Amino acid sequence: MTEDPWVDRRRRFRELHRSGLFVMPNPWDVGSARVLASMGFEALATTSAGHAASLGRSDQHVAREEMLVHVAQLAEAVDVPLNVDAERCFAQDPTGVAATVELIAQAGAAGCSIEDYDPLSGGIDPLDMAVDRVAAAVSSAHAHGVVLTARAENHLYGLGDLEDTIRRLRAYRDAGADVLFAPGLVSIVEIQRLVEEVEAPVNVLALRRGPAVAELAAVGVRRVSTGASLLRAAYGALIAAARELQASGTFTYMDAAVTSKELEAAFAGS
């Protein structure tokens, strides 16, 4: 019997969550994934907003098949574990959730996440529904050794408080989720309380007003991801350079540009 080629990456990804803190940046295409992997990051993650932007679309406007192709391309492009921002897993019911996670595993992911926000209703799923969906995702993920992250989206949409977030994350943990994530938290006091009360590995989203990596490590956070912020930073540099061309016709933007040699080194072997 041929061994699953992704087994080693999944084992490494799971081990990263056992102690300490690691930073897991979010590339948006093969090129950015190879650059980040070449810099020594131990794991990478897709970003739904970043992937959508790379296609000229808004977040939550990418089809499941497009997401799966994207995952397969990034997983093949690098030799580090890849976590997948799977939004709602492109399904309303647990059976559909499980099917999506199965396909994500087949595409080469080492981990994936599931959200409890429903853009169709504009609200957070009732807790019992959310738990059933997490449990379905867990069952499918664990069948392949994939790490399952459950997300409580309250703080991104202003739809709930910290008490509800903690209650939800504890329920998702009890349903089998390996990692818990409440994107949008910026208070180190609230983050510390969440870490202490959920008693499971916690991911924190890097935010401009949020704590630095060292502060997060000190309160027991396991993982920091960047979401679409690296893509926005890259697009910000693009826009600033284009405005310089329009306004003054000068080229000082090249001072901050990556060199051809650096790119060639990052893409070596591709």
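Reader: Which helices each supply at least two residues of the lining of the largest cavity?

Author: The model is a predicted one. In it, α3 (48–54) and α4 (64–77) each supply at least two residues of that lining. The largest share, three residues, comes from α4.

Reader: What makes a residue part of the lining of the largest cavity?

Author: A lining residue has an atom within 4 Å of a cavity point. For the largest cavity, the residues that line the space are Thr46, Thr47, Ser48, His51, Val62, Met67, His70, Val71, Val84, Asp85, Glu87 and Phe90. The volume of this cavity is about 70 Å³.

Reader: How do the residues of this lining divide into nonpolar, polar and charged?

Author: Five are nonpolar, five polar and two charged. Asp and Glu count as charged, and the lining includes Asp85 and Glu87, so these two residues fall in the charged class.

Reader: How many cavities of 30 Å³ or more does a search of the whole structure find?

Author: The search finds two. The second largest cavity holds about 40 Å³ of space.

Reader: Why is this second space called a cavity and not a pocket?

Author: In a cavity a 1.4 Å probe fits but cannot get out, whereas a pocket is an open set. The space of about 40 Å³ is listed as a cavity, so the probe cannot get out of it.

Reader: What lines the second largest cavity?

Author: Its lining consists of Ile114, Glu115, Asp116, Asp125, Ala130, Arg133, Val134, Arg151 and Tyr172. By class, four residues are nonpolar, none polar and five charged.

Reader: Why is β4 called mostly covered?

Author: Buried means under 20% relative accessible area. Five of the five residues of β4 are buried, so the strand is called mostly covered. Both faces are covered: Gly111, Ser113 and Glu115 are buried on one side, and Cys112 and Ile114 on the other.

Reader: How do you know that β4 pairs with β3 and with β7?

Author: Two strands pair if there are at least two bridges between them. Two bridges join β3 (residues 82–84) to β4, so these strands pair, and they run parallel. Asn83 stands opposite Gly111 in β4. From β3 the chain passes through helix α5 (residues 94–106) to β4, in a right-handed β-α-β crossover. In β7, Leu148 is the bridge partner of Cys112.

How values were computed
Residues numbered from 1 in each chain as written. Predicted model: local features only at pLDDT ≥ 70, side-chain atom pairs only at ≥ 80, totals over all residues. Heavy atoms only, no water. 1 Å grid on protein atoms, 1.4 Å probe; cavity = no way out; pocket = protein on both sides within 12 Å on 5 of 7 lines; lining within 4 Å. Points joined across faces, edges and corners; volume = space filled by probe spheres on them. Helix = DSSP H or I, 4+ residues; strand = E, 2+ residues; numbered from the N terminus. Buried < 20%, exposed > 50% of the residue type's maximum accessible area, 1.4 Å probe, protein only. Right-handed = clockwise from strand over helix to strand, strands pointing away.
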